[in-house]
Each structure stands twice: as structure tokens, then as C-alpha cells.
Amino acid sequence: MKKIVQPIGCILLGAPGSGKGTQAKIISNLFRIPHVSTGDALRSEIAKKSQLGLKVSKVLAAGELVSDELVDAIVASRLAQSDAASGYILDGYPRNIAQANELGRILSSLNYPVPAAVYIELPENELLRRILGRLSCSKCGSIFHQVFNAPKTSMICDNCGTALMQRKDDTEQTVKTRLSVYRQETAPLLSFYKQSGRLITVNGLQAISEITRNIETALRFER
Ligand code: AP5
Ligand code: MG
């Protein structure tokens, strides 16, 4: 194995609830690279009740995808910021082949290297247990689980003390739609990135720290 140098580019792939956000936050701190989450960016617009937020709030609540143009623009503008030149971790983008092609154009226009695509693999029955028990902090974005990753004080964020909440789209009905959208639109990205030889699959059934170790090793070393 050959050690790689910065910049580190990483796309996290996986179904809703597979642990992308959890891992992206840890890896972002570990490598000191920005965590670019289109889901977090959209939820922040909704919380601010901005024009964009009002436009997309029903789409997120229904578990459908927002338009490609909208998320392409969010990612292009975030990756163009100077801190992303030393690396970035993408969470929730790209979500379909058109977005993957657009990402390729964005990265080449910025002269960034081809990223590694890390797929967190998890069976569907586990996804549901993870999503239905998730607790999120609306202030700092920390992610917990009622059972698997419980906060030290019930319903309070360990990091900033804010009351934890359930995401609006974390209902059994919406999760069904999100999984079906994932199967149709996002799962084809696995073959897309496999063809480029940059797909790394990680077993999502492991403990959070073990998954982090797998991702870290994959990013530090070329295979
Ligand atoms: P987004 O926010 O991206 O949601 P998602 O892909 O559905 O994924 P989640 O955030 O639900 O899950 P996750 O994989 O991050 O898991 P987490 O780490 O939280 O998108 C939301 C919506 O925004 C979309 O539906 C769409 O409308 C819109 N959108 C976003 N991007 C878009 C795009 N590119 N194009 C168009 N529309 C877009 O973990 C889940 C739970 O499991 C937590 O409770 C956690 O504590 C727990 N957990 C994590 N790891 C482990 C472990 N190893 N063991 C036990 N528990 C664990
Ligand atoms: Mg997430």
C-alpha cells in the first residue's frame, strides 16, 4: 500500500440511515477537511425559513429529491471555498448519475483530484432501526441514537446542550419513499464509481469507531 498526500477527496455513499453523517463529521475533524452535506445545507435553509427553505421543505418532508440544479449549485459554491482545496468529504451528494457527472465537471474545473467513493453497506431492516431511533441537534448538527449512540443526558445534545429532536423526514412512511428513491436513483452510483476503480465498501454493521478506522485507512492509503 502506498501512502497518499493531501488533498483527500471523499464521497460517502449509502442508503438513508447508513451512517454517512455520523462518519462524515468524524472524518472531517480527523483530516481537518470540510464536511459538505447537501441534506444539512437544505435543512439549515428550512430552519431559517429562507425562500429556498420554503421552496424545498415539502420535498424533504416527502422524502423526494430536490432538483439537481439546486444541489449542484450548493456543492459548486462550497467546494470553491479555499478550505476545500486541501480536501473535502461529500455526504448525500451526488445522489444520481446526472449529479455525479456534474460533480466530475466541478472537480475538474477546480483542478481537484478524483475522489474516493466510500460505500457504507447496511441491510434494509437495520436502516429502519437506525433512522427511527435517530436524535438530531438542530443547533450543532450532532447525531445520536436513542439506543445505539445515546446522549449522556436524555434528549440533550452532548456537545452544545440543545434539546434533541427527531427529523421531520424520519417517519416510517417517509423512510419507505426515501429507500425507494435511493434504490432507483442513487444505488446505480455504486457501479458508476466501481468502474473508475475508486469504490471502497465498508461494512456498516460494525461499531462507529470501527467504521471510522476502515474509512481512515482507505483514505490514507491507496490500494
Ligand atoms: P440527507 O440528509 O442526505 O439524508 P439521507 O441520505 O436520507 O441520509 P440520512 O441523513 O438519513 O442518514 P445518514 O446516512 O447520514 O445516517 P446517520 O449518520 O444520521 O438528505 C435528506 C433529504 O434532503 C433527501 O431526502 C432529499 O430530499 C434532500 N437531498 C439531500 N441531498 C440531495 C441531493 N444530492 N439531491 C437531491 N436531494 C437531496 O445515522 C443514522 C442513525 O444511526 C443515527 O441515529 C446514528 O446515531 C446511528 N448510527 C450511525 N452509525 C452507527 C453504527 N455504526 N452503529 C449503530 N448506530 C449507528
Ligand atoms: Mg445524514
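**Exercise 1. Work out the order of the strands in the open sheet of five, and name its edge strands.**

Solution. Begin with the order. The five strands of this open sheet run E3-E4-E2-E5-E9, and their pairing is parallel. The model is a predicted one. Now look for strands that pair on one side only: these are strand E3 (35-37) and strand E9 (199-203), the edges. Finish with the twist, which averages 25 degrees from one strand to the next.

**Exercise 2. Describe how E5 is joined to E9, then find the helix that packs on the sheet.**

Solution. Take strand E5, residues 116-121. Five bridges join E5 to E9, and the two run parallel. Check one position: Ala 117 stands opposite Leu 199 in E9. Next, the helix. H9 packs on the sheet and touches strand E2 (8-13), E5 and E9. The direction of H9 makes about 160 degrees with that of E9.

**Exercise 3. Find the residues that make polar contacts with ligand 1, and say how much of the ligand the protein covers.**

Solution. Start with the side chains. Arg 134 has an N or O atom 2.6 Å from an oxygen atom of ligand 1. Gln 99 places a polar side-chain atom 3.0 Å from a nitrogen atom of the ligand. Then turn to the backbone: an N or O atom of Gln 206 lies 2.9 Å from a ligand nitrogen. Last, the cover. Ligand 1 has 1100 Å² of accessible area on its own, and the protein covers 97% of that.

**Exercise 4. Describe the shell around ligand 1.**

Solution. Count first: 35 residues surround the ligand, and Thr 22, Glu 64, Arg 134, Phe 144 and Arg 178 are the closest. Sort them: 14 are nonpolar, 12 polar and nine charged. Then ask which element contributes most: H2 does, with four residues.

Conventions: Residues are numbered from 1 along each chain as its sequence is written. Chains are lettered from A and ligands numbered from 1 in the order in which they are written. This is a predicted model: local features need pLDDT of at least 70, side-chain atom pairs count only at pLDDT 80 or more; totals for chains, interfaces and linings use all residues. Side-chain values use heavy atoms; hydrogens and water are left out. A residue is near a molecule or strand if one of its heavy atoms lies within 4 Å of it. A polar contact is a pair of N or O atoms within 3.5 Å; within protein, one must be able to donate a hydrogen and the other to accept it, and residues adjacent in sequence count only if both atoms are side-chain atoms. Accessible areas come from the Shrake-Rupley method with a 1.4 Å probe; for residues, only the protein chains shown count as cover. Ala, Val, Leu, Ile, Met, Phe, Trp, Tyr, Cys and Pro count as nonpolar, Asp, Glu, Lys and Arg as charged, and the others, Gly among them, as polar. Two strands pair if DSSP finds at least two bridges between them. Axes are lines fitted to C-alpha atoms, for helices over the stretch in contact, and angles run from 0 to 180 degrees between N-to-C directions. Contact means heavy atoms within 4.5 Å.
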